[in-house]
Amino acid sequence: MTTVLERVRSGREAAGERWRSAPRWVRWALLIAVIAFFYALPNREFYQYLGPIPTPGANFTQVMFTVSIYVLLAVGLNIVVGFAGLLDLGYFGFFAVGAYTVAVLTSPSSDLKTLWPWLLAVPVAIALTMVSGVMLGTPTLRLRGDYLALVTLGFAEMIRIAAVSSEFLKGQRGFNQIPHPPGQYADGRPVFGVLDARPYYWLVLTLIILVVIGVRNLTNSRVGRAWISIREDEDAAQLMGVPTFKFKLWAFAAGAAIAGLAGALFAGKQNFVNSQNFELLNSIIILAAVIFGGSGNIVGAIVGGGLVAYMIERFRGIELFGVELYEYRFLFFGVVLVVMMIFRPEGLIPNRRRAAEFKDRRKEVTVGE
Amino acid sequence: MRQKLARAIGGAALLALVAGSAACGNGGGGDTAADGDKCGNKIAFFGALTGSSAALGINENNGVKLAVDKYNKENPDCKVELVPLDSQGSPDQAPGLAQKAIDDPKILGIVGPAYSGESEAAGPLFNEAGLVTITPSATRPSLSEQGWKTFFRVVGNDFSQGPAAGNYIKNVLKAERVYVIDDQSAYGAGLADEVKKVLGPAVVGSDKVQGEGKQTEFSGVVTKVKAANVQAVFYGGYYQEAGLIRKQLTAAGVTAPLVAGDGVNDAAYITSAGAAAAEGTILTCPCQPATEARGTFAQEYKALNGSDPGTYSDTAYDAANILLAGIKDGKTTRSALLEFVKNYSGEGVAATYKFVEGGELDPAQVKVWAFKVTGGKVVPDQEIPKS
Amino acid sequence: MNFDGLFSNFGELTTTGLTQGAIYALVALGYTLVYGVLRLINFAHSEVFIAGAFAAIWTWNGFGLNQDSQVSGLGSIMFYLLVAVIVAAIASAGTATVIERVAYRPLRKRNAPPLAFLITAIGASIAIAEAFGIYTRRLPQGAPSLVSSKPLFEIFGVPIDAIQLLTLGAALVMMIGLDMFINRSRIGRGIRAVAQDANTAALMGVNKDRIILIVFIAGGTMAGVAGLLYDVRIGTLTYSVGFLLGLKAFTAAVLGGIGNLRGALLGGLLLGVVENYASGLFGSEWKDFAAFALLVVLLMFRPTGLLGESLGRARA
């Protein structure tokens, strides 16, 4: 068992080594090929040749949109959990704030009756989630580890209850007729229509690429180094003169802003937002996705978010021995999490520095074992 | 280096976008089976078949199954296939499933969506695709006000059931002190609001609880109801919470009868409350008792599904029959079937059907019945007059 | 705000709140014990509770009792309660043991970081809850009404019934028993030693793995009793109720000061009462909101909880 695992592990390391030592143009070509693949993916003309990849139980393009939203969320949460090491169990709450901001400002069923176009509401949604991130972070970021996890979880649940129970947020009746993003084809048909989910998917995919470039730049800067120092040892970082609180707040706000963007996109596509869209389980799924993929590594977070969201939908419509597998999806999800953490706690595609830490820890002597 | 990365990715993105929109130009929106084959057509059922709100969905799907089964026996050479779409009652999943149905040009009509929330999310897609939907149970009034050309329902909306429930409390139970509880769902709160309007000052208190299985401990509500010393309690919501509330009310010594809407009209309510506590509960429904349904519906249903027809089994059966009548009539394109349903008028097992503006069932046809839990079973009590 | 709703029902809201709080407290003990020793939020503890609650109902079903059965005679009621509580405690302790063996011990052997523990805990919790959900077809399971809910007597005009007495009494007895076990017994000393400094305790000859297992079993037993009391009080059980109840119980543990046994009792009772007052004051829909708001506010001003952390070392 261990030998097989070792071999897999070393094989993966070899693959990683090969990637890093490949000439630059090869890496570029591969990257472009991968991106082109994902842009082409939702076209029926393309995906029908992909064998088992398209989902049998639901429209594949719609599923890919959901997946892309999860990827965007995973990229955002990765900043908070992966880089700054802050355990945020209520991340989906920010997604709700973003979606509800758009809904309140644009929907005719809102009490404000502002009826803004979607595009105008998006920056407001992002700004408001950022502010709510700072507002939540200021009192709570002094707490550490598990306490922070619990408080953020409580916060997300409070947002959900407020959404269900307050008159202003309309509860389960929700907001309908939220406008779509603008744009028209030459013949006057809207680009972002009701039936075709592909433009939404392409929009999210493009934004993911932009966000990833931004996050990459950020992590390679002073801010990113500060985050990593906080993750590794907060006391030492403070001692070395890193204003830890300020940078933790930054991580929180940046992560929240990305979730707000995702929420705004979701509202623009879905047309209808109500309290049923924001279950606590979603926060947990996203956190699990980031750690599953490899927290601290952007590629890992993307793979984790995409894979988890996709797998959950992929179970739909499969029958095995007369049992609908979809019913079992969360059972599998739970078991996979446990198995994964036991055999590969650093995630599928770990951050190199973190993987080294894990290795160190494994070797560390503990008494009484 | 970084700039190059940005430029390269941007270029690739642009290229793909252009390629994508080109592909979209010729591939987008292609749906209707233009040739309109007479045979091999499908209808779909859209609703919760698994998950916590599946009981109603299964009732309905079984009703549709019976209709399709009968149709196929009568037309063995030209069968219709039933496609179940399991939404779990969640608006999140509704667009993906709706699109799935739209993608299949052989699917000519939908029975569903079963719940109001998923109807809100899926409605625009069906409307855009011109795929006709007949819901047997989504009763939110606003659904018919959205300008969807493809929306029809074979039951009365909350505006017909709520006042009826209120009238029953006022005229039959003659209760002068009533407590109103709802679960804050679109359905439950809507119903509770209508009841409050009818009862006016007789409502001595009201409270809200959390639905969808999120709350199981109702001591706060129970304490208030007990202190209010009422003669009847109205609950707007679904059977899960209703059962628990009834059980805990009885345990606390509150004997006032519980009155609730069709969301509670389910055998699972009695198991959850316990037969003793559930005894005497009044359940209203803008539907007729299944046993009163004309013809041999109840026996046939039991023979096929092995259980008695439940709430909305009959309306789902009727909805399916409307679609099947159209298909039999040769309306085998989506637009033809839509036209057919719009002008349909005919008799089903639960009511006589004719649709008015917005796809609403003709108000003259809406009948609201009261059911009573007696001896551990939901039995028909009486039809409630509308005013 | 409805002050009248609060004050006119103040007494009853307090007693029912205390009863629910006692159940929170019993579940909170499991969180507190495990956190005190391992510095780990045992997220799967809510499913330990659910296992006990289901075991009790299925035991009664085994005796041919369902939600409609009437049982009379003090002797047979005591018998059914006693058998069910034993089965529930065993089921819960067993579930806790399995979770510790399968999900946590392998991680400890690898010295995995705290984050990994949290994720396995969440995974185990989801998997177990789903397994129960699939097995029960997500339908509520009814319990027989064994204990009468007729008021026995009144204190200051507030009626008290047998279920409330039983719940509070059982919770207190279990608490005192556990407190004595931790503070007086030899094993208890071992638990305190491991909580203070695991490695030093191991060097002194304490079998760390055994102590951890005992902690899980003790917490599981408490959760099993809580599960039975929940069945008796609520009368119906659905697979999904564990998650929120577990979250509340953990909140209670933090309120009282995590790692502190008496704190768990105080936190549980306080949370139960505050929830009920909030539902009287603002309406029942804000009950959970109030619980979490209380937690957030308390952690901001007194992060170590009301009574402070005592089982474990001071927070780093």
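**Helix packing, sheet and chain contacts in the predicted model**

Residues are numbered from 1 along each chain as its sequence is written, with chains lettered from A and ligands numbered from 1 in the order in which they are written.

Helices α5 (residues 158-172) and α6 (residues 186-199) of chain B have axes that come within 8 Å and cross at roughly 45°. Axes are lines fitted to C-alpha atoms, for helices over the stretch in contact, with angles from 0 to 180 degrees between N-to-C directions; helices (H or I, at least four residues) and strands (E, at least two) are DSSP runs, numbered from the N terminus. The angle makes α5(B) oblique to α6(B) (under 35 degrees is roughly parallel, over 145 roughly antiparallel, 65 to 115 roughly perpendicular and the rest oblique). Residues making the contact (C-beta atoms, placed from the backbone, within 7 Å) include B:Phe159, B:Ala165 and B:Ile169 of α5(B) and B:Leu191, B:Val195 and B:Leu199 of α6(B). By class, the residues of this contact are eight nonpolar, five polar and three charged (Ala, Val, Leu, Ile, Met, Phe, Trp, Tyr, Cys and Pro count as nonpolar, Asp, Glu, Lys and Arg as charged, and the others, Gly among them, as polar).

Chain B also holds an open sheet of five strands in the order β2-β1-β3-β4-β5, with parallel pairing (two strands pair if DSSP finds at least two bridges between them). Its edge strands, β2 (80-86) and β5 (151-153), each pair on one side only. On average, neighbouring strands are turned by 25° against each other, direction ignored. Strands β1 (residues 41-47) and β3 (residues 107-111) of chain B run parallel and are joined by four bridges, and B:Ala44 stands opposite B:Ile110 in β3(B). Helix α2 (residues 54-74) of chain B lies across β1, β2 and β3, running at about 170° to β2(B).

The contact between chains A and B takes 40 residues from chain A and 39 residues from chain B. On the side of chain A that touches chain B, at least two residues each come from α2 (24-40), α3 (44-47), α4 (60-83), α7 (145-165) and α8 (198-219) of chain A. The residues of that side divide into 17 nonpolar, 16 polar and seven charged.

Methods. This is a predicted model: local features need pLDDT of at least 70, side-chain atom pairs count only at pLDDT 80 or more; totals for chains, interfaces and linings use all residues. Two residues are in contact if their C-beta atoms, placed from the backbone, lie within 7 Å.
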